[in-house]
Amino acid sequence: MLEANGVHHGYDDETVFEGVSLSVDPGEVVAIIGPSGVGKSTLLRLLAVFDPPDQGTVSFEGTRLWETTEQERLEHRRRIGMVFQEASLFDATVRRNAAYGVRVRQSWVERVRHEVASLVGKENGTTDVLEALETVGLRRKIDQDAQSLSGGEAQRVAFARALAYEPDVLLLDEPTSDLDPRNTAVIEDAVRQARNRGIGVVVATHDMHQAERVADRVAVLLANDIIEVGATRTVFEDPRDERTRKFIDGDLIY
Ligand SMILES: Nc1ncnc2c1ncn2[C@@H]1O[C@H](COP(=O)(O)OP(=O)(O)OP(=O)(O)O)[C@@H](O)[C@H]1O
């Protein structure tokens, strides 16, 4: 569904990766693992259509996104949700924060209708928003000010926002890097639920155990390239590339 093909990318004179290819299909979770600074976030930004690759293509259902009109690119971009490493919530209730993505996706007519309904108290949030908050276990906090949430809760609201948006593809950049085991488990469970609803998920993580727990396929990004991509079990138990084994065993100095 979403695919990077032979992409090169760098900043100024520094090459981050060359000739990298990665795809995600509906209802699968793909993990990108690799050491810090190797380019996991950069690859996600290319898949999110934030930045064009220096070379190569990024396609959504076969359409090469940087060869279309800006309008067409925006339409495709709207079907992709992204959760960044740090939750960026604004000063409003949990409900309004979680609903933000839905508003972005709606037409202005739908937006006005929902705004009016919520102002006259006839609506506590769309079903999507309620469901998304339920999925991350925060429905009971719907009226709490987002600024008063704990870090873990804030990250869960950011995740709910991405879910409520009903994306076809969800891109997650280190979604649990600062979270305790309980919050991590909630997010990982929400990832599985997203997959079960047919969403294609790409998660960048330096936590190999997380990749092992949630991913159907794993891509190993090392030294400017994806050196190996395959079924999670195969990559962890019988990797093709010796560097993958060393990386997984913690023996690769990078
Ligand atoms: N906007 C930018 N300008 C210049 N260099 C950048 C920029 N963004 C990233 N880089 C560099 O590109 C390289 C890859 O960074 P990136 O954030 O993609 O890695 P990462 O694998 O996601 O790292 P981490 O796991 O620490 O988040 C790094 O050397 C980084 O310093």
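Mentor: The largest nonpolar core has 68 residues, and A31, V157, A160 and V203 touch the most other members. Such a core is a set of buried Ala, Val, Leu, Ile, Met, Phe, Trp, Tyr and Cys residues joined through C-beta atoms within 7 Å. A residue is buried if 20 or more other C-beta atoms lie within 10 Å of its own, exposed if 12 or fewer, and partly exposed in between, with C-beta atoms placed from the backbone. Helix α6 (residues 151-164) gives the most to this core, namely eight residues. Because domain 1 (1-79 + 167-254) and domain 2 (92-164) both give residues to the core, it lies between them. The domain bounds come from an automatic or database domain assignment.

The model is a predicted one: local features need pLDDT of at least 70 and side-chain atom pairs count only at pLDDT 80 or more, whereas totals for chains, interfaces and linings use all residues. Residues are numbered from 1 along each chain as its sequence is written.

Contact here requires C-beta atoms, placed from the backbone, within 7 Å.

Helix α6 itself is mostly covered, with twelve of its 14 residues buried. The buried residues of α6 include V157, F159, A160 and L163, and also E153, R156 and R161. From its first C-alpha to its last, α6 reaches 20 Å, close to the 20 Å expected at 1.5 Å a residue; the expected span is 1.5 Å times one less than the number of residues. Just after α6, E166 takes a positive phi of about 50°. Helices (H or I, at least four residues) and strands (E, at least two) are DSSP runs, numbered from the N terminus.

The two domains also meet through contacts: 13 residues of domain 1 are in contact with eleven residues of domain 2. On the domain 1 side, helix α7 (residues 181-196) supplies the largest share, six residues. That side divides into eight nonpolar, two polar and three charged residues. In this classification Ala, Val, Leu, Ile, Met, Phe, Trp, Tyr, Cys and Pro count as nonpolar, Asp, Glu, Lys and Arg as charged, and the others, Gly among them, as polar.

Helix α1 (residues 40-47) may be considered next. Six of the eight residues of α1 are buried, so this helix is largely enclosed by the rest of the structure. They are K40, T42, L43, L44, L46 and L47. After α1 comes V49, whose phi is positive, near 65°. Helix α1 also contributes three residues, the largest share, to the shell around the ligand. That shell comprises Y11, V16, G34, S36, G37, V38, G39, K40, S41, T42 and H206, and by class it has three nonpolar, seven polar and one charged residues.

V20 lies in strand β2 (residues 14-24) and is buried because 25 other C-beta atoms lie within 10 Å. V20 and L43 are 23 residues apart in sequence and 8.8 Å apart in space, C-alpha to C-alpha.

For the protein as a whole, there are ten helices and ten strands, and 39% of the 254 residues count as buried. Of the contacts between residues at least 6 apart in sequence, 68% join residues at least 24 apart.

Technical notes. Near = placed C-beta within 6 Å.
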